[in-house]
Amino acid sequence: GTRVEHAREFYERYPKWSLLGKMVADTRAAVKALAALEAVDPTRIYLAGFSLGGRVALWTAAFEPMAAGVASVGGLWPMKGRQEGTEGLQHFSHLHGLLPRLGFFAGREQELSAGEEDLPGRIAPRPVLLIHGTRDRYAAVSLVRQVKQAEIQTPDEFHRLTPKLTGSMVEWLAARAGAMKGM
């Protein structure tokens, strides 16, 4: 979710952090805790999520080498270049406060040296799945299709998580991590 209670006064409490950075730090800690469990194969820890959860999964995998791969549904929103018809960088900086300093680049997106569209390249050679609906209002599917080093599925869908999209993600994960017993 959006962590409304957690986000309230977040920057007063943690002036040197970003809300997204905190979520990534929490997820990295969870990966490390899982890897320490005797019943878990640490080489098969995959991250997956929808929307903000998909975004956190991508950012975490980019900085956590223990993540074996990532599947994201509607979680990658290209940052570089103008995003006609979307909130663009203001989504990250002003509306949700995930990365406030990106607000300095609102309207000057072409000046960004890196964006979320570069995360799969940082994650590589580990596998990345991006599922992005052609009718998603948050990010242009044409820009998502240009992302390199990721398997991309673009179903005729809106920004939502349906049983069919969940099934696609689970099938992809199972094929890479190996079928789990009892499923």
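A residue counts as buried when its relative accessible area is under 20%. In this predicted model, Phe-10 has a relative accessible area of 1%, so Phe-10 falls on the buried side of that cut-off. Tyr-14, with 32%, is partly exposed. The rings of Phe-10 and Tyr-14 form a tilted pair, with 5.0 Å between centres and 40 degrees between planes. Tyr-11 joins these two residues, and ring pairs link the three into a cluster.

A search of the whole structure gives 4 aromatic pairs. One of them is stacked: Trp-77 and Tyr-138 lie 4.9 Å apart, centre to centre, with 10 degrees between the planes. Trp-77 is found in the loop between strand E2 (69–73) and helix H5 (90–95), and Tyr-138 in the loop between E3 and helix H7 (141–144), so this pair ties together parts that are 61 residues apart in sequence. Trp-77 is itself buried, at 5% relative accessible area, and the charged end of Arg-55 sits over its ring, 4.2 Å from the centre. A charge also sits over the ring of Trp-17, where the charged end of Lys-22 is 6.0 Å from the ring centre.

Beyond its neighbours within four places in sequence, Leu-58 contacts residues including Val-70, Leu-76, Leu-119, Ile-123, Val-128 and Leu-130.

Notes. Residues numbered from 1 in each chain as written. Predicted model: local features only at pLDDT ≥ 70, side-chain atom pairs only at ≥ 80, totals over all residues. Heavy atoms only, no water. Contact = heavy atoms within 4.5 Å. Phe/Tyr/Trp six-rings, centres within 6.5 Å; stacked < 30°, edge-to-face > 60°. Buried < 20%, exposed > 50% of the residue type's maximum accessible area, 1.4 Å probe, protein only. Helix = DSSP H or I, 4+ residues; strand = E, 2+ residues; numbered from the N terminus. Lys NZ or Arg CZ within 6 Å of the ring centre and 35° of its normal.
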